[in-house]
Amino acid sequence: MCYTDDARPPLPPISGAAADHGETTLTASDGNQLAAYFARAEKPTGAGMVVLPDVRGLHQFYKELAQRFAEAGIDSIAIDYFGRTAGIGDRSDSFEYMPHVQQTTPEGVASDTAAAIAYLRSNDGGAVKSVFTIGFCFGGSNSWNQSAEQPDIDGCIGFYGRPVRSEPFISKMRAPLLVMVAGSDAATTPQQAAEFKERLEKAGVTFEQHVYEGAPHSFFDRSYDQWKDACDDAWKRMLAFIKKHST
């Protein structure tokens, strides 16, 4: 897993406020009900963000991350993966997530993401003009995959994603990617990241890749004081990417 209950997302350089935030439930096109957490920007920019968690699903780190995006003017919603198999419930450290991770499918993730996109485009979600996804580890790959799965997505951001999980989607990717790589990530080696970059280039996918040399898996965490500069840089790159690709 990426983040424990003690992890907290770093603060964005643009610090405003979230006008409203809280729990909600979404319904996907196949009837699946999934837990979600929304955060509305006090000063919206017209951009929206779907937050795709790591293997643990919708836990506190990702709820707070949705708030951080709202503080930067980006209406956001973080979603849970496990409505189909675990129902709607607590995803703290006590949740046994792996049996449910193994039952997720790309189709299910895409359907749930589409429900989140529809929410952001609605008046309740902010009626956003541009929608992005962001994910971490398991969610990093899931986020990149939405470039191929969602017809109305503007960009897809992923931290510590596993390239092998996204390679089958490369030929169908349309939206630009932001690929954030931890240089000392044991799960995704620098060689794998370089090979992923080559495949994206060969396929003509629009993307940016940034490698944070020496950074460990899950470095994007406020409790990691030694990686503050990397976290600050990651925020700047994400916000620049969102601004660049917003319509």
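**A tour of the sheet and its helices**

Begin with the hairpin of β1 and β2, which has 5 residues between the strands, and select G31, which takes a positive phi near 90°. The model is predicted, so local features need pLDDT of at least 70 and side-chain atom pairs count only at pLDDT 80 or more, while totals for chains, interfaces and linings use all residues. Residues are numbered from 1 along each chain as its sequence is written, and side-chain values use heavy atoms, with hydrogens and water left out.

Next, select β1 (residues 18-27) and β2 (residues 33-41), which pair in the antiparallel sense over 9 bridges. Helices (H or I, at least four residues) and strands (E, at least two) are DSSP runs, numbered from the N terminus; two strands pair if DSSP finds at least two bridges between them. Within this pair, H21 stands opposite A39 in β2.

Now show the whole open sheet: 8 strands in the order β1-β2-β4-β3-β5-β6-β7-β8, with mixed pairing. Its edge strands, β1 and β8 (207-212), each pair on one side only.

Finally, turn to the helices. Select α4 (residues 106-121), which lies across β1, β2, β3 (47-52), β4 and β5 (130-136) and runs at about 155° to β4. Select α7 (residues 190-203), which packs on the sheet, touching β7 (177-182) and β8, and makes about 170° with the direction of β8. Contact means heavy atoms within 4.5 Å; axes are lines fitted to C-alpha atoms, for helices over the stretch in contact, and angles run from 0 to 180 degrees between N-to-C directions.
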